[in-house]
Amino acid sequence: LSLDNLFIKYGSDKATLWNNNKGHGYTKFYIKHFNKIRKKKLNILEIGSFSGASAAAFSKYFLKANIYCLDINISNFKYKSKKINVFGLDASKLKNADYFLNKINPNQQKYFFDIIIDDGSHRLEDILKCFKYFFKSLKPNGFYIIEDFKHPNFYKHLDLKNEPKIDRLINFFKKKKVVKSNILNNNFQKSVINQIESINDYKGLLKDSFIVFLKKLN
């Protein structure tokens with residue numbers, strides 16, 4: 001099955017079709033960036049897994065991947081695989097994130113993940129906190145992906161006053177400039193800018209469907 005068919009089969013809204021309606025249509029962007037590495041041994045982190053639909057699809061698409069799924073509520077998680085590891089926790093809370101990384105990475109490898117996908121709460125505060133915490137765990141040549149990154153632009157309850165929205169942040173990063181933020185201090189932003197090889201953001205099929213791929217330098 002193609003990746004889009006896998007998303008549809010397991011019920012992921014990343015697909016072109018979801019519950020007989022139009023989905024976000026992110027499949028082609030995932031294929032563009034990952035088709036060449038799908039047969040490699042990979043560690044993938046998914047922040048916000050809900051029922052596990054996309055994790056199930058990725059477990060079939062990425063042939064040798066270990067997939068780590070984080071969600072506040074794992075009672076909805078319905079797919080099982082030796083390749084899928086599920087953790088019920090709030091990834092934006094530092095103590096929880098520390099516990100999780102220590103558990104899966106007991107040897108304290110500095111860089112652990114090849115791909116990190118933030119498809120969590122879509123609250124701007126959570127997106128920024130997760131980015132600050134998990135980006136440092138990304139391997140060289142790895143990808144940090146933020147799905148639905150414009151949700152705080154569309155939905156006020158997801159926004160956070162005095163913090164830069166993600167589209168503004170990535171536009172500054174593209175220009176190798178820092179933007180005012182209380183969560184992401186200047187030193188962190190400068191460090192990220194120096195480590196990024198490319199930033200590719202795309203518009204999906206729905207009015208609020210936006211996804212960005214940040215690739216780390218080798």
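## Terms and basis of the model

Two residues are in contact when heavy atoms of each lie within 4.5 Å. This is a predicted model, in which local features need pLDDT of at least 70 and side-chain atom pairs count only at pLDDT 80 or more, while totals for chains, interfaces and linings use all residues. Residues are numbered from 1 along each chain as its sequence is written, and side-chain values use heavy atoms, with hydrogens and water left out.

## Surroundings of tyrosine 144

Contacts with neighbours within four places in sequence are set aside here. Tyrosine 144 then touches Ile47, Ile116, Asp118, Cys130, Phe131, Phe134, Phe135, Leu138, Val212, Phe213 and Leu214.

Tyr144 also belongs to the largest nonpolar core, which has 41 residues. A nonpolar core is a set of buried Ala, Val, Leu, Ile, Met, Phe, Trp, Tyr and Cys residues joined through side-chain atoms within 4.5 Å. Buried means under 20% relative accessible area, exposed means over 50%, and partly exposed lies in between (1.4 Å probe, protein chains only). Within this core, Phe100, Phe134 and Tyr144 touch the most other members. Helix 5, residues 124-134, gives the most to the core, with seven residues. A second, separate core holds 32 residues, including Phe7, Tyr10, Ile67 and Cys69.

## Helix 5

Helix 5 is mostly covered, as eight of its 11 residues are buried. The buried residues of helix 5 are Leu124, Asp126, Ile127, Leu128, Cys130, Phe131, Tyr133 and Phe134. Among them, Cys130, Phe131 and Phe134 are also contacts of tyrosine 144.

## Overall form

The protein has eight helices and nine strands; helices (H or I, at least four residues) and strands (E, at least two) are DSSP runs, numbered from the N terminus. The radius of gyration is 16 Å, close to the 17 Å that the globule rule gives for 218 residues, so the protein is as compact as a globular protein of that length. This radius is taken over C-alpha atoms, and the globule rule is 2.2 Å times the number of residues to the power 0.38. Along the principal axes, the C-alpha atoms fill a box of roughly 45 × 45 × 35 Å.

Of the 218 residues, 53% count as buried. Among contacts between residues at least 6 apart in sequence, 59% join residues at least 24 apart. The accessible surface comes to about 11,200 Å², and 49% of this area belongs to carbon and sulfur atoms. Accessible areas come from the Shrake-Rupley method with a 1.4 Å probe, and for residues only the protein chains shown count as cover.

The protein carries 40 positive and 19 negative side chains, and the centres of the two sets lie 6 Å apart. Lys and Arg count as positive and Asp and Glu as negative, whereas His and the chain ends are not counted. The place of a charge is taken as NZ of Lys, CZ of Arg, CG of Asp or CD of Glu.

## Buried loop residues

Serine 12 lies in the loop between helix 1 (3-10) and strand 1. With a relative accessible area of 3%, serine 12 is buried. Beyond its neighbours within four places in sequence, serine 12 is in contact with Phe7, Leu17, Trp18, Ala53 and Ser54.

Leucine 89 is placed in the loop between strand 5 (84-88) and helix 4 (94-104), and it counts as buried at 10% relative accessibility. Apart from neighbours within four places in sequence, leucine 89 is in contact with Leu70, Asp71, Ile72, Asn96 and Phe100.

## Exposed and partly exposed loop residues

Asparagine 19 sits in the loop between strand 1 (17-18) and strand 2 (21-22), and at 55% relative accessibility it counts as exposed. Phi of asparagine 19 is near 50°, a positive value in a residue other than glycine. Phenylalanine 50 likewise has phi near 50°. Phenylalanine 50 is located in the loop between strand 3 (41-47) and helix 3 (53-61) and is exposed, with a relative accessible area of 52%.

Lysine 136 is found in the loop between helix 5 and strand 7 (138-147) and counts as partly exposed at 44% relative accessibility. Lysine 136 and lysine 216 are 80 residues apart in sequence and 10 Å apart in space, C-alpha to C-alpha. Not counting residues up to four places away in sequence, lysine 136 touches Lys110, Tyr111 and Lys216.
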